[in-house]
Amino acid sequence: MNSDINEETATLELIFSPKNTASHFIQIYKSNIEALRYGILLAENSSGVPTDFMKNEEDFIKLQIDNPLSKEELDATLKKILINKSFEDLIKGINLTLCDGYHMLLTCKEMLDGKPKSLKDIEELKNNYYKRAQNMPFPKLIEKMEQILGEKIKYKDEILTINNVRTCLVHRNGVVLANKDINNKGNNTLELKYLKMTLTSGTPNNMEEKNHSFTLNSGETAKLSFPSMSLEFHPNDDVLLNYKFVFDVGITCYLFIEQLVKTEINYLKNNPMK
């Protein structure tokens with residue numbers, strides 16, 4: 001990317017790098033997968049909570065559990081905590097990436113108009129736009145990004161429903177409220193839209209979905225696809241999900257970020273700095 005501030009080109013490249021803006025989400029996404037994996041292993045290898053948990057720790061809260069959780073109760077509680085945290089972290093990662101993209105694109109536009117004259121001016125402008133993005137509600141930030149880019153970001157609808165479910169999980173412990181959580185007015189439900197990572201194999205006329213390792217025979221092929229799926233919850237329902245759903249939600253978020261970065265790159269190519 002060319003710039004009149006030649007001695008600071010490397011710094012400017014960092015500011016106006018769409019791939020760099022995705023780093024927040026990628027880091028959170030990787031941590032999220034590892035946390036889920038650890039939680040599953042922990043649940044599988046735990047016999048329950050000890051009755052004297054933290055009972056004799058000095059300089060710490062004294063806690064006596066008279067009715068300890070059973071193995072099944074512990075598994076269910078841990079799964080719920082991990083799933084809630086996963087939704088929260090994934091949306092946080094997307095929000096951080098959107099904030100970076102927002103300030104990057106608007107700062108770039110200001111530079112095209114010849115307003116900032118130095119790297120200091122650019123940094124100040126960038127920080128102001130970033131603060132503005134941070135204060136926006138999540139759906140509004142996506143809407144603003146689409147206005148800047150001049151096109152709809154692919155998988156936006158899925159991401160908005162994932163955020164709706166996150167809100168229900170985090171703020172209402174997963175219980176759907178009719179006056180707060182309904183996003184599908186026609187069906188009066190909280191709808192979760194996501195992409196399911198699907199692996200199929202076989203001959204062209206007989207492809208079968210695979211959920212485990214397999215061997216390709218002569219004349220067979222394998223195909224990875226991401227069909228659109230949805231899940232609905234009615235008022236007063238508990239939002240109960242399993243780890244596979246969370247994995248697919250994570251994949252959906254990843255594909256949204258991938259499309260966002262591609263759209264940002266196209267925008268910058270069509271609006272280069274001289």
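## Exercises on rings, helices and strands

Tyr 129 has a relative accessible area of 9%, so Tyr 129 counts as buried (under 20% relative accessible area is buried, over 50% exposed, in between partly exposed; 1.4 Å probe, protein chains only). The model is predicted: local features need pLDDT of at least 70, side-chain atom pairs count only at pLDDT 80 or more, and totals for chains, interfaces and linings use all residues. Residues are numbered from 1 along each chain as its sequence is written, and side-chain values use heavy atoms, with hydrogens and water left out.

### Exercise 1. Classify the ring pair of Tyr 102 and Tyr 129.

Step 1. Take the criterion. Rings of Phe, Tyr and Trp (its six-membered ring) pair if their centres lie within 6.5 Å; planes under 30 degrees apart are stacked, over 60 edge-to-face, the rest tilted. A search of the whole structure gives four aromatic pairs.

Step 2. Apply the numbers. The centres of Tyr 102 and Tyr 129 are 6.2 Å apart and the planes stand at 80°, so this pair is edge-to-face.

Step 3. Place the residues. Tyr 102 belongs to helix H4 and Tyr 129 to helix H5 (residues 119-134). The two are 27 residues apart, and the pair links distant parts of the chain. Helices (H or I, at least four residues) and strands (E, at least two) are DSSP runs, numbered from the N terminus.

Step 4. Check burial. Tyr 102 has 4% relative accessibility, so Tyr 102 counts as buried.

### Exercise 2. Classify the pair of Tyr 194 and Phe 245, then locate both residues.

Step 1. The ring centres of Tyr 194 and Phe 245 are 5.6 Å apart, with planes at 80°, so the pair is edge-to-face.

Step 2. Tyr 194 sits in strand E1 (residues 190-195) and Phe 245 in helix H8, so the pair ties together parts 51 residues apart in sequence.

Step 3. Both Tyr 194 and Phe 245 are buried.

Step 4. Look for a ring cluster. Ring pairs link Phe 25, Tyr 29 and Tyr 254.

### Exercise 3. Describe how H4 and H8 pack.

Step 1. Find the crossing. The axes of H4 (residues 71-112) and H8 (residues 243-270) come within 10 Å and cross at roughly 5°. Axes are lines fitted to C-alpha atoms, for helices over the stretch in contact; angles run from 0 to 180 degrees between N-to-C directions.

Step 2. Name the geometry. That crossing makes H4 roughly parallel to H8 (under 35 degrees is roughly parallel, over 145 roughly antiparallel, 65 to 115 roughly perpendicular, the rest oblique).

### Exercise 4. Work out the strand order of the open sheet.

Step 1. Pair E2 (residues 198-203) with E3 (residues 206-210). Five bridges join the two antiparallel strands; strands pair if DSSP finds at least two bridges between them. Ser 201 stands opposite Glu 208 in E3. Two residues separate E2 from E3 in a hairpin.

Step 2. Pair E2 with E4. Five bridges join E2 and E4, again antiparallel. Thr 198 has Ser 225 in E4 as its bridge partner.

Step 3. Assemble. The order of the three strands is E3-E2-E4, with antiparallel pairing. E3 and E4 (221-225) stand at the edges with a single partner strand each, so one side of each lacks a neighbour in the sheet. The twist averages 30° from one strand to the next.

### Exercise 5. Count the disulfides.

Step 1. Apply the cut-off: a pair of cysteine sulfur atoms within 2.5 Å. The count is zero.

Step 2. Check two cysteines. Cys 168 is buried at 0% relative accessibility. Cys 253 is buried too, with a relative accessible area of 0%.
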